[in-house]
Amino acid sequence: MNNAVPILFYLLGLGIHGVPALSALFPSKIAKLYGIPAGDNTLMTLLQHRAVLFGIIALACIYAAHNASARWPVLIGVVLSMGSFMIIALARGQMGGSLSKVVIVDAVGLMIAAILAALLVRMN
């Protein structure tokens, strides 16, 4: 039980956010990841920047795994990031199709975040 919180933060950081963050280093993978045409340079630039932001979230999660005082702020940021995507995707009718993988991963991430929140509340 003592290791559950750090393990879940690592899972959020590396599993949920770390994998798409790698596309910042390999922009050719972005088109495949999001199912978009690789020739749209503006969209590719925005998505590469999104990957960098995922990297920052991944690093914050790893930090929170080892620093109890950072856990709530990082968890809130993670939930806002994933939750806002889900709300935007739902509002735009984009829950399926090429974004379905992203929707599924974020839904899993939100479940992990909910478990983390319950564990953090229980610890205090």
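User: What should I know before reading values off the model?
Analyst: The model is predicted, so local features need pLDDT of at least 70 and side-chain atom pairs count only at pLDDT 80 or more, while totals for chains, interfaces and linings use all residues. Residues are numbered from 1 along each chain as its sequence is written, and side-chain values use heavy atoms, with hydrogens and water left out.

User: How far apart are the end C-alpha atoms of helix 4?
Analyst: They are 30 Å apart. Helix 4 covers residues 71–91, and its 21 residues should span 30 Å at 1.5 Å a residue, which agrees. The expected span is 1.5 Å times one less than the number of residues. Helices (H or I, at least four residues) are DSSP runs, numbered from the N terminus.

User: Which residues of helix 4 are buried?
Analyst: They are Arg71, Val74, Leu75, Val78, Met82, Gly83, Phe85, Met86 and Ala89. Seen down the helix axis, the buried residues fall within an arc of 150°, so they line one face of helix 4. The arc is that of the directions from the helix axis to the C-beta atoms. Buried means under 20% relative accessible area, exposed over 50% and partly exposed in between, with a 1.4 Å probe and protein chains only.

User: And which exposed residues does the face turned away carry?
Analyst: That face of helix 4 carries Pro73, Leu80, Ile87 and Ala91.

User: What covers the buried residues?
Analyst: The cover over helix 4 includes helix 1 (4–21), helix 3 (41–66) and helix 5 (100–123).

User: At what angle do helix 3 and helix 4 cross?
Analyst: Their axes cross at roughly 150° and come within 9 Å. Axes are lines fitted to C-alpha atoms, for helices over the stretch in contact, and angles run from 0 to 180 degrees between N-to-C directions. Helix 3 and helix 4 are therefore roughly antiparallel, a term for angles over 145 degrees. The contact (heavy atoms within 4.5 Å) is made by residues including Phe54, Ile57 and Cys61 of helix 3 and Val74, Val78 and Phe85 of helix 4.

User: How do helix 4 and helix 5 compare in their geometry?
Analyst: The axes of helix 4 and helix 5 come within 10 Å and cross at roughly 150°, and the two helices are therefore roughly antiparallel. Among the residues that make the contact are Leu75, Val79 and Met82 of helix 4 and Val103, Leu110 and Ala113 of helix 5.

User: Is valine 79 buried, partly exposed or exposed?
Analyst: Valine 79 lies in helix 4 and is partly exposed, with a relative accessible area of 33%. Not counting residues up to four places away in sequence, valine 79 touches Ser84, Leu110 and Ala113. Between valine 79 and glycine 109 there are 8.4 Å in space, C-alpha to C-alpha, although they are 30 residues apart in sequence.

User: What is the reach of helix 5 from first C-alpha to last?
Analyst: Helix 5 reaches 35 Å with its 24 residues, close to the 34 Å expected at 1.5 Å a residue. Its buried residues include Val102, Asp106, Ile112 and Leu116. What covers the buried residues of helix 5 includes helix 1, helix 2 (28–34), helix 3 and helix 4.

User: Which phi does glycine 93 take?
Analyst: Just after helix 4, glycine 93 takes a positive phi of about 70°.

Conventions
Angles under 35 degrees count as roughly parallel, over 145 as roughly antiparallel, 65 to 115 as roughly perpendicular and the rest as oblique.
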